[in-house]
Amino acid sequence: MVPLWAYLLVAAGLFCLGAYGVLSRRNAIAVLMGIELMLNAVNINLVAFWRYLSPLNMAGQAFTAFIFVIAAAEAAVGLAIIISVYRSRQSVIVEDVDIMKW
Amino acid sequence: MEDVCSINNLVRCLLDGGMDAGLANFITLLLGVVLVAALPLVTVIFLIWVERKVAARVQDRIGPNRVGPFGLLQSVADALKLLTKEDITPMGADKFIYNLAPIIAFASIVLIWAVIPFTPLHIGADLSIGILYFMAVGSIATVKVMVAGWSSNNKYALLGAFRTIAQLLSYEVPLVLALIVPVMLAGTMSMQAMTVAQQGMWFIFMAPVAAVIFFIANLAEVGRAPFDLLEAESEIIAGYNIEYSGFKFGMFMAGEFMHAFTVCVLMAVIFLGGWSGPFVHEVPLLGFVYLGLKTAFVYIIMLVLRSTVPRVRIDQLMAFNWKFLVPISIVNLLLTAFLLYIVRALGLAPAPNQATDFVANLPQTIVLFVGNLALVGVIVSMIRSQGRRQRLADEARLAESETEEPALPAGVPAGD
Amino acid sequence: MAVLNEWAFIGVFFAVAWVFPVLPILGARILAPHKPNPLKQSTYECGVETVGDTWVQFKVQYYIYGLVFLVFDVEIVLLFPWALAYNQLDLFAFGAGFLFIFLLADALIYAWRKGALEWL
Amino acid sequence: MIELNVQTIAFLVFALFILGGGLGVVTTRNLIHATLYLILSLFGVAGFFVLLSAPFLAAVQVLVYIGAIAILIIFAVMLTRSMTQLRQVYNHQWTASAVVSGLLFALLVVGVILPVWGINGAQAVETVSEVVADTVDLGKALVDRNQYVLPFEVASLLLTAAMIGAIVIARDDE
């Protein structure tokens with residue numbers, strides 16, 4: 001089988017790509033996509049560790065399932081907020097929504 | 001059996017011929033894939049003819065009758081015609097995605113066939129999550145619609161895509177909810193094991209409500225009448241594939257026909273016992289015939305519905321799903337879970353070694369069937385009282401408005 | 001591993017399936033005439049000139065349907081393992097599944113009462 | 001050394017999907033294209049799940065992520081007319097974020113993954129068990145009172161709350 005570190009490597013790469021997207025994109029929806037990438041990297045890690053270290057303990061699979069739930073909730077609410085912000089400010093650029101900054 | 005080289009023992013035959021083991025395995029795999037994938041392709045050519053013939057008979061016409069005997073070659077002629085039609089890519093289209101969409105549309109349907117059990121021995125891949133596999137592959141359909149609608153750079157295509165997706169997404173909910181019931185009954189998600197579990201009793205007798213919900217939701221998923229809003233010519237020209245022409249359009253068309261047929265096969269496998277029938281274990285190929293007959297039965301129902309039922313409006317479509325099908329499927333799921341628990345607690349469930357026995361399954365089936373009947377009774381009485389209230393309200397309003405001015409009939413929407 | 005063999009079939013299927021639609025499309029490219037002109041390639045709107053952007057403003061109702069679907073989809077999918085193991089569960093697990101479905105029904109009732117399911 | 005067999009090839013293909021898709025997501029100007037790259041990446045993750053003997057999660061990945069979340073994102077892109085605001089993809093801190101992400105990746109690989117789980121790492125996994133729990137076990141664990149029944153119910157509650165909140169936020173004020 002493919003060794004564990006190969007999976008971890010890909011997951012780390014995906015996580016960093018997602019982090020880069022979150023930090024650098026201007027469009028709020030693109031930021032949200034970056035978050036999805038990061039969540040998926042976590043999922044890969046969870047399942048890989050489950051498979052290689054404790055394939056009979058259900059923790060890895062169960063928590064992956066819960067991360068699906070959280071990703072769904074996050075996408076639903078996050079996109080709803082973006083749509084709402086767009087409606088009031090006609091913009092989805094993250095920097096334009098800085099009124100809470102001060 | 002030693003001398004016969006068939007698909008069942010192809011690996012051994014190739015090995016005897018002195019071939020490398022890995023290569024022999026790969027060739028067998030590839031051959032299996034091509035066989036399984038070619039089956040729907042061949043069927044769809046025939047299906048279009050069947051569909052046109054049945055529709056014609058319902059409308060008191062003859063249907064295709066010029067090309068070949070009984071017009072059998074009509075579809076071939078149509079395909080040849082499409083092959084020589086100019087393929088127009090509209091200006092402003094996103095070229096790569098525009099070309100990708102029909103490929104996804106067609107391939108995603110072919111992929112479903114990988115998990116369909118044809119006989120006790122022949123199945124593409126007996127996945128442990130077969131049911132979720134075809135749900136997952138089916139959900140790619142929404143992506144194809146979105147991609148086709150967006151890349152065409154056409155308002156109507158985009159609008160049609162949005163409507164279609166709203167429809168597909170909505171009807172996926174009762175579809176999946178209905179599928180939980182057979183999973184619960186069979187205790188497996190593998191398609192082959194599900195067929196085996198039905199050898200004693202078909203699931204349509206144990207869960208008729210789930211079967212009907214599955215059928216209706218599938219009608220909407222494949223966009224068949226009365227849910228064919230996605231090609232409502234009078235409203236949104238032709239839906240998401242309006243800009244497509246030539247064989248790319250043909251791919252969408254063939255994909256739709258194939259999808260309609262595929263859901264009939266799935267219906268036959270999940271609720272009508274698939275290949276199971278008399279003598280099927282002695283002659284496995286009989287299973288193929290049984291499956292074909294059951295599928296044809298479901299398909300004919302679908303065709304007759306198509307030619308006889310009028311199209312619904314989109315607000316009715318959505319209301320029917322969210323306010324009728326989804327609540328019913330949730331109640332049905334709860335009811336089935338409850339009844340199954342009761343059956344098990346009372347010891348009416350068949351013993352594991354008798355699970356495929358008809359008589360041993362009878363008590364359980366009777367309990368579940370009566371429960372389903374009761375549910376249907378409740379639903380019908382609720383619809384009746386609702387309808388009566390609606391009618392009285394309408395009559396009252398009509399009587400009131402007659403004194404003032406002639407009004408529109410009740411319930412006409414203001415469009416969207 | 002026998003289980004992975006089944007998935008190898010699926011993998012090969014994924015690799016092969018797209019060939020079937022691509023072949024006739026390529027064949028059509030060879031056989032079909034190709035004489036594009038601006039009028040032919042213009043956006044088809046029953047002959048009327050296109051006005052404005054393709055990006056018309058869509059109703060938020062589409063998003064609401066997608067949202068409700070997403071929530072239901074995730075919940076139902078989590079129910080599948082429960083249904084699969086149903087024959088081996090005790091009363092407590094049975095009740096846990098019931099509570100889960102009740103919460104699901106709750107969400108539907110809320111959306112219904114709120115009018116989020118109406119096609120306006 | 002890693003031997004080259006079907007699994008390794010599949011792993012490489014899926015890794016290419018995941019990382020290539022991820023790169024596309026963060027660099028593409030066109031948001032619809034970015035979503036399609038996201039779908040590619042998520043599909044690769046589903047492939048990983050299959051390779052890791054978790055087919056149920058793979059199916060859920062496709063069903064939930066590609067069939068629902070990606071579609072929702074496309075809806076949001078259309079509704080906010082994001083395609084008309086394409087002037088500038090990155091904000092002013094993009095170089096800094098690139099450096100930070102690159103450093104994070106290097107740190108994870110050199111500092112954690114290779115020393116701990118690498119070929120000669122402290123906790124390198126030599127043998128992989130052939131016995132794997134399946135979906136039935138997952139079903140039992142999710143509703144077992146000693147395991148995950150509480151997170152299971154809370155997940156349902158969370159989704160209900162998220163749906164209510166999102167409907168309230170997204171609807172037009174009336």
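Modeller: Here it is, and keep in mind that this is a predicted model. Let's start where chain B meets chain D: 16 residues of chain B are in contact with 14 residues of chain D.

Biologist: What makes two residues count as being in contact?

Modeller: Their C-beta atoms, placed from the backbone, have to lie within 7 Å. On the chain B side, helix 5 (130-138), helix 6 (140-151) and helix 7 (155-186) of chain B each give two or more residues. Helix 6 of chain B gives the most, with five residues.

Biologist: How do the residues on that side of chain B divide into nonpolar, polar and charged?

Modeller: There are 13 nonpolar, three polar and no charged residues on the side of chain B that touches chain D.

Biologist: And how many residues of chain D are in contact with chain A?

Modeller: 74 residues of chain D, which meet 63 residues of chain A. The largest share of that side of chain D comes from helix 4 of chain D, with twelve residues. By class, the side of chain D that touches chain A has 56 nonpolar residues, 17 polar and one charged.

Biologist: What is the pattern of chain D along the sequence?

Modeller: It reads α-α-α-α-α-α, with six helices and zero strands.

Biologist: What share of chain D is called buried?

Modeller: Buried residues are 47% of its 174 residues. To get that label, a residue needs 20 or more other C-beta atoms within 10 Å of its own.

Biologist: Which residues touch the most other members of the largest nonpolar core?

Modeller: Ala72(A), Ala76(A), Leu67(C) and Val71(C), in a core of 281 residues. Helix 7 of chain B gives the most to this core, with 23 residues. Setting aside neighbours within four places in sequence, Ala76(A) has contacts that include Leu67(C) and Val71(C), along with Ala162(D), Met163(D) and Ala166(D).

Biologist: How do you know where in chain B confidence is lowest and where it is highest?

Modeller: Compare the mean pLDDT by element: helix 11 (residues 233-236) of chain B is lowest at 58, and helix 10 (residues 208-221) of chain B is highest at 90. Chain B as a whole has a mean of 81, with 89% of its residues at 70 or more.

Biologist: Over which residues of chain B does pLDDT stay under 50?

Modeller: Residues 411-416 of chain B, where the model has two contacts beyond four places in sequence.

Terms used:
Residues are numbered from 1 along each chain as its sequence is written. Chains are lettered from A and ligands numbered from 1 in the order in which they are written. This is a predicted model: local features need pLDDT of at least 70, side-chain atom pairs count only at pLDDT 80 or more; totals for chains, interfaces and linings use all residues. Helices (H or I, at least four residues) and strands (E, at least two) are DSSP runs, numbered from the N terminus. Ala, Val, Leu, Ile, Met, Phe, Trp, Tyr, Cys and Pro count as nonpolar, Asp, Glu, Lys and Arg as charged, and the others, Gly among them, as polar. A residue is buried if 20 or more other C-beta atoms lie within 10 Å of its own, exposed if 12 or fewer, and partly exposed in between; C-beta atoms are placed from the backbone. pLDDT is the predictor's confidence in each residue, from 0 to 100. A nonpolar core is a set of buried Ala, Val, Leu, Ile, Met, Phe, Trp, Tyr and Cys residues joined through C-beta atoms within 7 Å.
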